[in-house]
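Subject: Structure for your review

Dear colleague,

Please find the structure below, together with its sequence. My notes on it follow.

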Amino acid sequence: MGTLSGTSTRTARVRLGRVPVWLPPALLTLVVTATGLGSAQLWRDELATWSAATRSPGDLARLAGTIDAATGPYYLLMHVWVAIVGDSTVALRAPAALAMTVAAGLVAVLGARLVDDRTGLFAGLLFALLPGTSRYGQEARPYALATMFAVLATLLLVAALHRPSWPRWAGYAAAVAALGLIHLIALTLLAAHALVVLIAWWRGSAAAGITPSKGGAAWLGDARLAGGAGRPDRRVWRWAVALLPTALLVGPLLLKAGTQRSRQLDWVHPARLDDLAALPGGVAQSSVVGGLLVGLATLGAARLGRRAVLPLSAVLLPVLLLFAAGTVVPLWVPRYLVFVVPFACLLAGAALAGVGAPAALAVVVLAGLLGLPDQAALRRTHEWPRSAPVDYTGAARVIADGQRPGDAVVYSPRRSWLFLDLGIEYHLGDPPRDVLETEDEARRGDLWAAECPRPAQCLAGTPRVWLVVAGRHADPLAGVPGAKGDALRADFTVARVWQRPGLTVALLNGRPSR
């Protein structure tokens with residue numbers, strides 16, 4: 001009778017009438033992230049994804065060995081996806097949109113299991129309307145997948161602690177391993193998991209703050225559920241064993257990525273205290289909405305009391321760990337912490353569940369309305385800051401309209417995180433010959449191609465050159481430094497200049513032979 005009662009209560013708690021609690025947030029997230037999915041052109045990081053995903057597995061292995069081991073598993077996943085679906089902007093971003101959709105549903109289920117239906121529903125709806133959910137749900141990068149796996153791993157941990165069994169722990173182990181392979185920094189979430197496991201082991205599930213507020217069986221169970229009457233509680237060591245696959249799979253990746261930090265993160269500055277204040281706006285992609293989320297989460301944590309331990313630690317511990325590390329080594333990048341946002345939404349959902357449904361829905365709608373300007377902006381460009389977009393499409397269109405057989409193209413700078421060559425190649429399809437390229441990025445196992453060490457010799461005999469320069473330049477040739485610039489100025493004249501956001505395109509004609 002007790003088992004049947006607990007089962008029926010759990011079934012009721014994860015449904016709203018006849019509608020599963022996860023369905024409205026998932027559908028809303030799918031609609032929001034699918035809206036304008038291909039509107040903004042691929043930005044620099046997504047161009048790196050496209051470049052990697054279209055390489056062979058052998059070339060991907062070389063890339064991981066030189067500069068981008070941390071993102072290697074994601075690139076391999078995208079390689080398979082692109083081979084099946086293609087490499088259009090929508091195709092490249094679709095996995096992120098689907099991952100955020102699943103994450104929203106999982107947030108609702110997790111909220112229902114930790115607190116109640118209303119908490120799960122409002123948490124999922126709020127998550128769906130955050131500009132950050134759209135931003136990273138419309139980006140061909142691993143952060144949406146990391147968000148999904150973070151919530152999934154936490155949900156599976158709750159299930160394994162409630163009724164420990166090796167199949168449940170195996171599911172948790174798989175989710176954590178996937179989380180680490182997709183996003184190494186997301187493994188800081190394990191600090192929160194460790195805290196909850198230890199509290200559950202030491203004081204029982206009620207002290208861990210993960211017993212539902214009313215009725216039904218405890219979601220983590222108590223010591224008797226975990227180990228049975230008279231038997232020791234084995235949850236701690238089972239949790240430790242569940243982390244072994246992650247250690248075996250992710251450990252070598254972590255060590256390799258550590259050796260590449262100076263190349264991969266050379267643009268990151270040490271963390272400062274004011275970075276913490278800017279974090280909510282960074283992960284929410286809106287300062288106003290981020291502030292609202294923090295306020296609601298604070299109220300929710302106060303309302304939940306000790307039941308807030310899991311979601312609160314899942315927010316604070318990764319942030320504090322990354323910040324502490326970022327003061328010593330350059331690691332502090334706000335988007336690396338997007339995976340904590342669902343747990344902040346869960347706390348916010350608990351605050352909204354404490355008021356009437358109309359008032360709670362009004363707050364959710366208000367959050368959506370406050371985020372509308374940012375929602376519109378991120379569908380125009382993904383570049384950051386948004387005031388400095390780079391129009392690869394416009395530059396490619398200029399070249400396509402005037403390209404002739406025998407034309408060449410030159411990029412300045414080549415070794416730049418703007419990836420000028422990748423942007424033109426992606427949007428142009430069949431670009432002019434890259435006259436200075438001596439070895440492409442795939443063969444080099446790098447993100448950048450190698451250039452001719454003697455530009456004048458490599459440019460000899462070229463009748464016309466399309467010059468693509470970062471930034472706005474009235475005199476594009478003056479913006480090209482070094483031997484490359486000397487060769488261009490000596491042998492070519494500017495025929496025409498086009499200014500596009502973030503880029504200057506110039507058509508150069510070769511000087512007559514003397």
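A disulfide is a pair of cysteine sulfur atoms within 2.5 Å. Please note that the model is predicted. The structure holds one disulfide, formed by Cys-452 and Cys-458, whose sulfur atoms are 2.0 Å apart. That separation meets the cut-off, and therefore the pair counts as a disulfide. The link of Cys-452 and Cys-458 is right-handed, with 75° about the S-S bond. Another cysteine, Cys-345, is buried with a relative accessible area of 0%.

Arg-118 counts as partly exposed, at 31% relative accessibility. Although Arg-118 and Leu-352 are 234 residues apart in sequence, their C-alpha atoms are 8.1 Å apart in space. Leaving aside residues up to four places away in sequence, Arg-118 touches Leu-352, Ala-353, Val-355, Gly-356 and Ala-357. A polar atom of the Arg-118 side chain lies 3.1 Å from the backbone oxygen of Ala-353. For the backbone oxygen of Val-355, the distance to a polar atom of that side chain is 2.4 Å.

Finally, a word on confidence. The chain averages a pLDDT of 90, and 90% of the residues score at least 70. Over residues 205-209, however, pLDDT stays under 50, and the model has 18 contacts beyond four places in sequence for them. The pLDDT is also below 50 over residues 211-231, a stretch with 55 contacts in the model beyond near neighbours in sequence.

Yours sincerely

Methods: Residues numbered from 1 in each chain as written. Predicted model: local features only at pLDDT ≥ 70, side-chain atom pairs only at ≥ 80, totals over all residues. Heavy atoms only, no water. pLDDT = per-residue confidence, 0-100. Contact = heavy atoms within 4.5 Å. Buried < 20%, exposed > 50% of the residue type's maximum accessible area, 1.4 Å probe, protein only. Polar contact = N/O pair within 3.5 Å; in protein donor to acceptor, adjacent residues only side chain to side chain.
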